[in-house]
Amino acid sequence: MCTFLCRVVPLGIPTDTMNEDKDSNPSVVLLSTRDPSLNQGPLGSPLRRERSPLKIFCDDEADLEEGKLLKSKDNKLLVGPVRIHNQALLSGLAYCLSSCSMILVNKFVLSGYDFSAGISLMLYQNFVSVVVVSVLSLSGMISTEPLTWRLIRVWLPVNFIFVGMLITSMFSLKHINVAMVTILKNVTNVITALGETYFFGKYHDSKVWTALVLMIVSAISGGVTDLSFNAVGYSWQFCNCILTASYSLTLRRVMDTAKQATKSGNLNEFSMVLLNNTLSLPLGLFLVLVFNEVDYLSTTPLLKEPMFWLVITSSGFLGLAISFTSLWFLHQTSATTYSLVGSLNKIPLSVAGILLFNVPTSIKNTLSILFGLLAGIFFAKAKIRERSQS
């Protein structure tokens, strides 16, 4: 869900989808989400950001002042005078920890606290992202593009989908357990693959389609055997899969036009984070009023609890952390490793979701979840093989 620098790509957008044209430099979000899953590719988006994870691709000779990381010849990351060793392992662990934590914290807020204002939660998380990125930009640690009206007009269609992706991820996560959300996110891969074939004429080999069929089978069998099945939650999750795939496909179409609308002719990941999250604020406020969450917020005692504010603020920082660790991890390894780790990351997340929230399950449902996780790994390996052959 989700879904993500913070919440640009939810945890559920396949890495390969965003990696075919490196020059387009599209990002993973999150928040919603994401995921991007939570492979919606790797874990979502959303949130926020779930993704719905952000897929970020940087050049090796990139300066931190240009909004990217600087990689030295001996493979050490340079941040000012500080050098960090064991980059690949450390960045991988940081990415896994932040992506898993984001989904679990969102689930805890929505279900543990029984918080019924998912749009407001999304809005607050995006606000935290805007504040953090703006502070980093003003301090000179990163660079961002000015938000001109020309750029905003180009980006608005993407942003509408982005907000819808994050909100549906929130709604589904409130009604469905983490393990089933993770498996159902695989449907995003199916929709994305069909969209690639239809809109971009992309060819997929038989192993990829086999993996996609296995994902569909695992989603159906998981829903049939789900002891806590909730039709409303499953409906929101299906909508989230459509929006997450749409976000990925639309981003590919808009990216080049968006670059031309900037003053520098480029749109780095930090700028996309600021752009996406800033534009989501007025739309989020409008939706809060439409869904009448104001009445709920004015009566709930949760907003008087300091610990609740600490938890939801940490969720905003976690969404941003997913994006930074995604950038760091991809810079130290490759999109292939990122994709595999994202798929494997679903396993501890599903187990943690079941154990932490005391999810009622059965042997059949557990086997369905395991089957779906293995199908996700098979899909990642098939896409890696497909890319290597092309």
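**Cysteines, a nonpolar patch and a pocket**

Guide: In this predicted model, Ile 347 is found in helix 12.

Visitor: Is Ile 347 buried, partly exposed or exposed?

Guide: A residue counts as buried under 20% relative accessible area and as exposed over 50%, with partly exposed in between. Because the relative accessibility of Ile 347 is 32%, the residue counts as partly exposed.

Visitor: Which helix gives the most to the nonpolar patch?

Guide: The patch, about 350 Å² of nonpolar surface, is made by Leu 344, Ile 347, Val 351 and Leu 355. Three residues of the patch come from the helix that spans residues 346-356, and the element that gives the most is therefore helix 12.

Visitor: How many disulfides does a search of the whole structure find?

Guide: A disulfide requires a pair of cysteine sulfur atoms within 2.5 Å. The sulfur of Cys 96 has its closest cysteine sulfur in Cys 100, at 6.4 Å, which is too far for a bond. Cys 239 is likewise in no disulfide, since the nearest cysteine sulfur, that of Cys 241, is 9.3 Å away. Over the whole structure, the number of disulfides found by the search is zero.

Visitor: Which helix supplies the largest share of the lining of the second largest pocket?

Guide: This pocket, with a volume of about 200 Å³, is lined by 13 residues, of which Ser 120, Leu 121, Tyr 124, Leu 297 and Trp 309 are the closest to its centre. Helix 2 (118-138), helix 8 (269-290) and helix 10 (306-332) each supply at least two residues of the lining. The largest share is five residues, and these come from helix 2.

Terms used
Residues numbered from 1 in each chain as written. Predicted model: local features only at pLDDT ≥ 70, side-chain atom pairs only at ≥ 80, totals over all residues. Heavy atoms only, no water. Patch = residues over 30% accessible without salt bridge, like charges linked within 9 Å, V, L, I, M, F, W, Y side chains within 5 Å. Areas by Shrake-Rupley, 256 points an atom, 1.4 Å probe, with all protein chains shown as cover. Salt bridge = Lys/Arg side-chain N within 4 Å of Asp/Glu carboxyl O. Helix = DSSP H or I, 4+ residues; strand = E, 2+ residues; numbered from the N terminus. Buried < 20%, exposed > 50% of the residue type's maximum accessible area, 1.4 Å probe, protein only. 1 Å grid on protein atoms, 1.4 Å probe; cavity = no way out; pocket = protein on both sides within 12 Å on 5 of 7 lines; lining within 4 Å. Points joined across faces, edges and corners; volume = space filled by probe spheres on them.
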